[in-house]
Amino acid sequence: MKQFAFALIATCLATIAEAEPTATGDLGLVIERATGSVLLIDQSERAALARIKGLGDLSHASLVYSPDQRFAYIFGRDGGLTKLDIVTRQIAGRVLQSGNAIGGAISDDGQLVAVSNYEPGGVRVFDADTLQMVADIPTGGKTIGLVDAPGRRFVFTGWDSGQTWIADFASAEPRISKIPDMGRNPYDALITANGRTYITGLFGEDGLTALDLWSDDPQPIRVLPGYGRGQQEMPVYKMPHLEGWADTGSEFVLPAVGHHEVLWIDAETLKETARTPTHGQPVFAMARPDGRHVWVNFAHPLNDTIQVIDTLSKQVIREFKPGPAVLHMEFTPRGHEVWISVRDANVVMVYDTQSFEKLREIEAKSPSGIFFTARAHKTGL
Amino acid sequence: MADLARISRIGRLTRALLVTCALVATSAFAAETIDPGALKRLVHQDCGSCHGLTLKGGLGPDLRAQNLQHYDLGVLKGVILDGIPDTAMPGWRPLMSEEEAEWVARYLLEPVQ
């Protein structure tokens, strides 16, 4: 009996030890693009916790988080959709859903995960629990700019067709509405944090096109048509990304295409308010969460540099060279640090955003996208 | 007949000699200017921005060798250097020499180098 009691106590103790909860609120993942792995990172510890392998071709990969910040849905270039449990650090599910994919989104209620595909062109929607496909929406061409919108909707755009489609999953059968004439060769899109405005950047013409998703019948709104007029167009060696508005309060900042500048737009009127010349073709122009500074990285061959622009003066106030191939930046949710992936140096660098001091280097293999779990609670991310 | 055979032998010799000279010249030249490691990296990482790290295509088309065989070397080199108008393919002339573009074209057509 004594032995039994001892065993019981031991078991209880073991269970308590195992049940030590893992808080995921300050964790994140870094895509290691060349090795098909992700690195689990801890923001507060400024450290890597684990590497999870076996995720396929992760060039140009991205991910979204479940509302409870436990699962990441990772979208690989090879069409792989992987559900990763960051508490157990195990792959919880994986499907190869297409031949060539370009990103994804999770619905506002966290129940649906959508992936946009180049081949076969279109969007496929999966049950977030089981990864069973619940809808296949062929668009007939390469599909870009997929975001979630409030009301269990997904919005996405065709590179060749210049059409934006809204897929509404409020009821069992998705309702699709199509908006033509968004412009020539939309290359990416984003949605504002309040879920109201969807904007596509255009490669085939100077300008952007917005949709007001609060409207019952959204119509294309031209933004900055012909912004490059009269200027020599420069070659674009890497398409800019429009992930998340660089929202500075009353204005938005966007990378120009074929011009070495960022464009400032009034958030209300969508009219140009200013432009800031930059070091190269901007790839990401990202506002620090408080909106005071905008950090910009650049396309090949000028991709070793970061510029920081002050929102009030719209001047570059800082320029530095973290290293070869700066691919992505992710701010901590309150903006006190920025984490920067420097692909060819095989490190993620952590900077203080007030002092610009480098705080830490974390080894990573060919790092690209950095994603903190706080994204789980943001529309469009 | 003997003369003809001799001429053809001389011809072969001359050709062989010329080829050898050309090879020596090319490799001597290449040794100075071509960095295959850097160019391979450029192909997969930077061309890969649009064409995919494995070159199987993305926003830009599939560049794997089996899908490029309809291109001859010169045309492919031209596309690399000057791009394709009205598409997203930029000209890389500002960033690479003719010799480097030719190396890249060759590498795309025959990746084992």
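Reader: How many residues does the contact take from chain B and from chain A?
Author: This is a predicted model. In it, chain B gives 22 residues to the contact and chain A gives 24 residues.

Reader: What area is buried between chain B and chain A?
Author: About 2000 Å². Carbon and sulfur atoms give 52% of that.

Reader: What's the salt bridge count between chain B and chain A?
Author: One. B:Arg41 pairs with A:Asp344, and their closest N and O atoms are 2.6 Å apart.

Reader: And how many residue pairs are in polar contact?
Author: Nine between chain B and chain A, counting pairs with both residues at pLDDT 80 or more. On the side of chain B that touches chain A, 10 residues are polar, eight nonpolar and four charged.

Reader: Switching to cores. Which residues in the largest nonpolar core touch the most other members?
Author: A:Tyr187, A:Phe203, A:Leu208, A:Val223, A:Leu224 and A:Ile265, out of 23 residues in that core. The elements giving two or more residues to this core are β16 (186–191), β18 (208–212) and β22 (261–266) of chain A.

Reader: What does A:Phe203 touch?
Author: Leaving out residues up to four places away in sequence, its contacts include A:Trp159, A:Tyr187 and A:Met239. From chain B, A:Phe203 touches B:Thr87 and B:Ala88.

Notes: Residues are numbered from 1 along each chain as its sequence is written. Chains are lettered from A and ligands numbered from 1 in the order in which they are written. This is a predicted model: local features need pLDDT of at least 70, side-chain atom pairs count only at pLDDT 80 or more; totals for chains, interfaces and linings use all residues. Side-chain values use heavy atoms; hydrogens and water are left out. Contact means heavy atoms within 4.5 Å. Buried area is the accessible area (1.4 Å probe) that two parts lose on being put together, summed over both. A salt bridge is a side-chain nitrogen of Lys or Arg within 4 Å of a carboxyl oxygen of Asp or Glu. A polar contact is a pair of N or O atoms within 3.5 Å; within protein, one must be able to donate a hydrogen and the other to accept it, and residues adjacent in sequence count only if both atoms are side-chain atoms. Ala, Val, Leu, Ile, Met, Phe, Trp, Tyr, Cys and Pro count as nonpolar, Asp, Glu, Lys and Arg as charged, and the others, Gly among them, as polar. A nonpolar core is a set of buried Ala, Val, Leu, Ile, Met, Phe, Trp, Tyr and Cys residues joined through side-chain atoms within 4.5 Å. Buried means under 20% relative accessible area, exposed over 50%, partly exposed in between (1.4 Å probe, protein chains only). Helices (H or I, at least four residues) and strands (E, at least two) are DSSP runs, numbered from the N terminus.
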